[in-house]
Amino acid sequence: MSLFLVNLLLALAWSAVTGSFTFFNFAFGFVLAIFALSLIREQVGSVGYFSRARRVISLLLLFLYELVLSAVKVAVMVLSPKMNLKPGIFAYPLRVDRDFEIAMLANLITLTPGTLSVDVSDDRRILYVHAIDASDPDGARRDIAEGFERKIMEAFR
């Protein structure tokens with residue numbers, strides 16, 4: 001049985017024992033189950049489960065940081081009296097090769113204000129990205145590679 005399923009079952013058991021099936025109580029039970037499973041991680045062979053959870057949380061925190069940062073940048077651009085924007089589409093060479101990873105990268109880019117994933121090449125090696133300000137496409141490529149793409153590869157490989 002996968003440890004994630006065990007974690008969910010323990011959280012459900014916590015909700016049943018406490019008699020409260022609210023989201024917050026279930027989430028607390030889930031965190032409590034993570035702690036309980038971490039105490040016996042060598043016995044159940046779950047070392048990888050917890051390191052992956054940390055990496056996924058790291059990806060989530062990076063996304064939230066980038067979301068706030070780009071929202072502020074777009075707000076400043078829109079509210080400035082002189083909009084000196086150079087919108088454009090640039091090609092981003094992908095290092096991720098799995099469909100799930102490509103879809104996640106494209107969605108994270110699209111959910112970030114000021115950027116939009118337009119298309120993926122047929123050979124799945126190039127992602128075309130529209131940016132509201134594409135004056136520095138090399139910098140945008142570097143930001144994607146060192147940010148979202150690196151964190152996705154760390155979390156899911």
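Me: Thanks! Which residue in β3 does Phe90 stand opposite?

Reply: Phe90 stands opposite Val129 in β3. A note before we go on: this is a predicted model, where local features need pLDDT of at least 70, side-chain atom pairs count only at pLDDT 80 or more, and totals for chains, interfaces and linings use all residues. Residues are numbered from 1 along each chain as its sequence is written, and side-chain values use heavy atoms, with hydrogens and water left out.

Me: Good to know. What order do the strands take in the sheet?

Reply: The order is β1-β3-β2, in an open sheet of three strands with antiparallel pairing. β1 (88–93) and β2 (115–120) are the edge strands, each pairing on one side only. On average, neighbouring strands are turned by 30 degrees against each other, direction ignored. For the terms: strands (E, at least two residues) and helices (H or I, at least four) are DSSP runs numbered from the N terminus, and two strands pair if DSSP finds at least two bridges between them.

Me: How many bridges join β1 to β3? And how many join β2 to β3?

Reply: Six bridges join β1 to β3, and five join β2 to β3 (residues 126–131). Val129 in β3 has Phe90 opposite, and Ser117 stands opposite Val129 too. His130 in β3 has Ile89 opposite, and Leu116 also stands opposite His130.

Me: Switching to charges. How many salt bridges are there?

Reply: The count comes to seven salt bridges, taking a side-chain nitrogen of Lys or Arg within 4 Å of a carboxyl oxygen of Asp or Glu. One of them joins Glu101 and Arg98 at 3.4 Å, N to O. Arg157 and Glu101 meet in another at 2.9 Å, N to O. Arg157 lies in the segment after α6 (137–156) and Glu101 in helix α5, so this pair ties together parts that are 56 residues apart in sequence.

Me: Is Glu101 buried or exposed?

Reply: Glu101 is buried because its relative accessible area is 1%. Arg98, at 42%, is partly exposed, and Arg157 counts as partly exposed at 39%.

Me: What about Asp138 and Arg141, how far apart are they in helix α6?

Reply: Asp138 and Arg141 are three residues apart in helix α6, so about one helical turn separates them. Their side chains meet in a salt bridge (2.7 Å, N to O). Elsewhere, salt bridges that share partners join Asp97, Arg98, Glu101 and Arg157 into one network.

Me: New topic: which residues make the nonpolar surface patch?

Reply: Leu5, Leu9, Leu12 and Phe21 make a patch of about 390 Å². Patches take residues with over 30% relative accessible area and no salt bridge; like charges are joined within 9 Å, and nonpolar side chains (Val, Leu, Ile, Met, Phe, Trp, Tyr) within 5 Å. Accessible areas come from the Shrake-Rupley method with a 1.4 Å probe, and for residues only the protein chains shown count as cover.

Me: Where is Phe21 found?

Reply: Phe21 is in the loop between α1 (3–18) and α2 (23–39). Phe21 counts as exposed because its relative accessibility is 59%.

Me: Last one: what does Asn25 touch?

Reply: Asn25, in helix α2, touches Trp14, Ser15, Thr18 and Ser20, not counting residues up to four places away in sequence. With a relative accessible area of 14%, Asn25 is buried.

How values were computed: Buried means under 20% relative accessible area, exposed over 50%, partly exposed in between (1.4 Å probe, protein chains only). Axes are lines fitted to C-alpha atoms, for helices over the stretch in contact, and angles run from 0 to 180 degrees between N-to-C directions. Contact means heavy atoms within 4.5 Å.
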